[in-house]
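Here is a short tour for anyone who likes to think in helices and interfaces. Have a look at the structure first, and then we can walk through it together.

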Amino acid sequence: MSNSTVSLEATNLTKLYHRGSEEIAAVRDVSLRINKGEFVSFTGPSGSGKTTLVHLLGCLDNPTSGELTLGGRPIFSGNGRQLSERTLTEIRRDIFGYIFQNFYLIPTLTVMENVLLPFTFYRKPGAGKDVMGLLKLLGIDHRKDHLPGKISGGEMQRVAIARSLVNSPEILLADEPTGNLDTKRSAEIIRILQNLSRDTGLTVLMVSHNLELAGQADRQFEMRDGGISERR
Amino acid sequence: MITKFQVAYKNLLRKKIRSVLTLIGIALSAWVLVSLLGFNRGFETALNRDIDNMGFQLMVMAKGCPYEAATMMLKGGTGLKYLPESISDTVRKEPDVERITPMLMQAVFDPNKGESGGIAAYLGVEPQSYGAMKSFLRFMQGEWFTQGDAYEAVLGYEAAELEQREIGDMILIPEKNVELKVVGILSRTGTQDDGTIFVPLRTLQKIFGKNGKLTTIGVKVRKDVDSSRIETKFYELPDVQVVSMAQVKQTIMSLVSTAKVLVLSIAIIAIIIAMVGVINTILMSVHERFQEIGIMKTIGAMPGDIFQLVWIETLLLCATGGVLGIALSLALSRVTELVIRNVLPYSPKGGLVLIDMHLILFTLGAISVIGLLSGLYPAWQAGRIRPLEAIRSGVNE
C-alpha cells in the first residue's frame, strides 16, 4: 500500500501507567494501519484500553513507546521523546476533528457560534467556506441560532460533529459518540459518520461499547487487556 | 467567526449574579479611588482659592494659638484675643506694606437662627481698606455704609438669603438689642464673605464695648517683597503674632494629608479586596469550565489563546466596574462633598471633589492594570489545563 492511501499507521504503540510500584499497560504493542476514508471502530470491555489507544492515535497523549505516522508524517518516532502540549495541539488542529460522548458544547454560545468556535483559535486555509451547507447536511441548519440547552441530545451531537468538521480534518475521532443517545439517535449518528467517510473520504475512528453499532464500520478492532485484534 | 471577546463576554453572562457582585466590588473601589483623588485635587484648589481671596498675605493678631486663630478667621469665626488699634498705624508705616485692613470680629448666639439657634458672626471693617483689599467684591444691591459710625450692615450673599433680607430691612443683634439697617447685599463670591454680616468698624466696636480694639489686621505686602522678612519684623511688636496665609495653607494641607493617608489606606484595602474578588470569580469560572477549556484546546486553542480568553474576561469585568465606579463618583460627588465637610474641621468653599478627564482616564487605566494583574494567575492556570485530563474528568462524571 502506498503512503498516499495510508491515513494512519501505528507500530508497537505502548502506553504504561504506574500505580504505586505497579506498572499497568493500558495499551501494549499495538500495530495497525488505517487507510484514508475508512470507517474503523474499536470495541472492548471497560478498561481494555480502547479509549487510551484512540487518544494516542488522536495525539491527545504521548505514548510510552512505539511509532505513529499520520498521512506519511512521522509523529511519534519510537525514541520515547515526549511531544509538548503545543506541538500536539498543532498536529491536532491540522489533522483531527473530535467528538465525544458528552458533546462538550459551550452553553453560552449558539449552535452556529459553537460550530465556528475552532476558527476563533485557528483556521485552516480554505476551511469553513460553506458552514451553512454543513449544518444543512447534518440537519441542524434550522437550529443555528438556538443555544445548546434548547436542542435535543441527537442535535447536540450533530452540532459537535459540525464543529469537528469545520476545519476540514483528515481524521475524525469519535469517542463513544452515541453513549448518551437513544437507539434511534445513535443509528442516525452512525449513518452520518458512514456517509462522511464514504462521501468525503474522511477517516473515522470510533470507540464504542455497542457491538451492533460498531459492526456497521468498514473495519472493526477489538481491544482486550491493552492488546488489539481485528475482527474479520 | 466568533471572537475571543464575544466568547469572554458571553461567559460572564453565564453566572450573572456572581459577575454583578464582582462588578459592584470593583465599582466601589473605583468610586473610592476617584473620590479620594478628586478630593485631593479639589481641596487643594479650593483652599488656594480661599486663601487667595483673603486678599492679604499676612494676618497680624494677638498672641494665642496661631492655627486656631487662622482657622477661625477662614471659617468666619471670632478671634480669641484683642489687639490695640494703635498697632495698625505701626504696621501701616512699614515701607514694604502696600495696604492694611483692620478688622474686629464678634459673634453672638442668635436664637432665631436655624431651627435651634446658632452663632451669628459680625465683621467690623473699614469699607475703603477692606474693599480695596478684596477688589473682587461686587454689590448685588446697594453699597457700602454711608458713614464710618453708621448703624448699618452689608450682608454677604448667603447671609442675605438665610436672613431673607433686602435693602432697607432692619436686622437685630441679639443680646445687644441693637438694630442695623441693611444698606448693601454682596454678590456671591464663593468665599467665607458670603456668610458674613459686615458692620462699620467703629459701630461694631461701640456696640460690643471694644473701643480701640481689633481682632485682626490683614496685611498686603508690596510685590516681590519677601513676606517672611516682614513677618519677623512684626514679631518684634509687643503681644503680637503673625500668621502668613502660606503657613496656614501648609498647616491645613498637612492636617488634611494625615487624613488622606488614612483614607488612601482604606482605598488600597478596598482595591485589594476587589482584586481578591476578581481573582476568586475568575478562578471559579476557570474551574467550572475545566472541560470546556480542555475541549477548546482539543479543537485548536493554544495555551496563549486560553490565557487571552481568561484575561479578556478579567479586563472586561474591571473596565466595566471601573466605568460604573467613575459614573458613581460623578453622580455622588456632591454627597461625597457633604460627608467630607461634616468630617473635616475646616473645608474651603466651592467644589471639594474635582473630577476631570485626566483623573477619569487615570482611574480607568489603574483599574484595568489591577484587573490585568488579577487575571494573571487564573489565566495561567487555565492555559495549563491539559485536554486529556479535561476529557477524562467528563467521562468520570
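Which residues of H1(B) are buried? In this predicted model, the buried residues of that helix are Val7(B), Asn11(B) and Leu12(B). Around the helix axis they cover an arc of only 135°, so they sit on the same side of H1(B). Their packing partners come from both chains: H3 of chain A, together with helix H2 (16-52), helix H9 (245-288) and H11 of chain B.

Let us take one of those partners, H11(B). Helix H1 (residues 4-12) of chain B and helix H11 (residues 303-331) of chain B have axes that come within 9 Å and cross at roughly 60°. That angle is why H1(B) counts as oblique to H11(B). The crossing of H1(B) and H11(B) is right-handed. Here is who takes part in the contact:

| Helix | Residues in the contact |
|---|---|
| H1(B) | Lys4(B), Phe5(B), Val7(B), Ala8(B), Tyr9(B), Asn11(B), Leu12(B) |
| H11(B) | Gln308(B), Leu309(B), Ile312(B), Glu313(B), Leu316(B), Leu317(B) |

By class, the residues of this contact between H1(B) and H11(B) comprise 9 nonpolar, 2 polar and 2 charged.

Now for the interface between the chains. Here 26 residues of chain A are in contact with 27 residues of chain B. On the chain A side, helix H2 (85-95), strand S6 (96-100) and helix H3 (111-121) are the elements that give two or more residues. H3(A) gives the most, with 7 residues. The side of chain A that touches chain B has 12 nonpolar, 7 polar and 7 charged residues.

Note on methods:
Residues numbered from 1 in each chain as written. Chains lettered and ligands numbered in written order. Predicted model: local features only at pLDDT ≥ 70, side-chain atom pairs only at ≥ 80, totals over all residues. Contact = placed C-beta atoms within 7 Å. Helix = DSSP H or I, 4+ residues; strand = E, 2+ residues; numbered from the N terminus. Nonpolar A, V, L, I, M, F, W, Y, C, P; charged D, E, K, R; others polar. Axes fitted to C-alpha atoms, helices over the stretch in contact; angles between N-to-C directions. Parallel < 35°, antiparallel > 145°, perpendicular 65-115°, else oblique. Left-handed = near helix turned anticlockwise from the far one by under 90°. Buried ≥ 20, exposed ≤ 12 C-beta atoms within 10 Å, placed from the backbone. Arc of directions from axis to C-beta.
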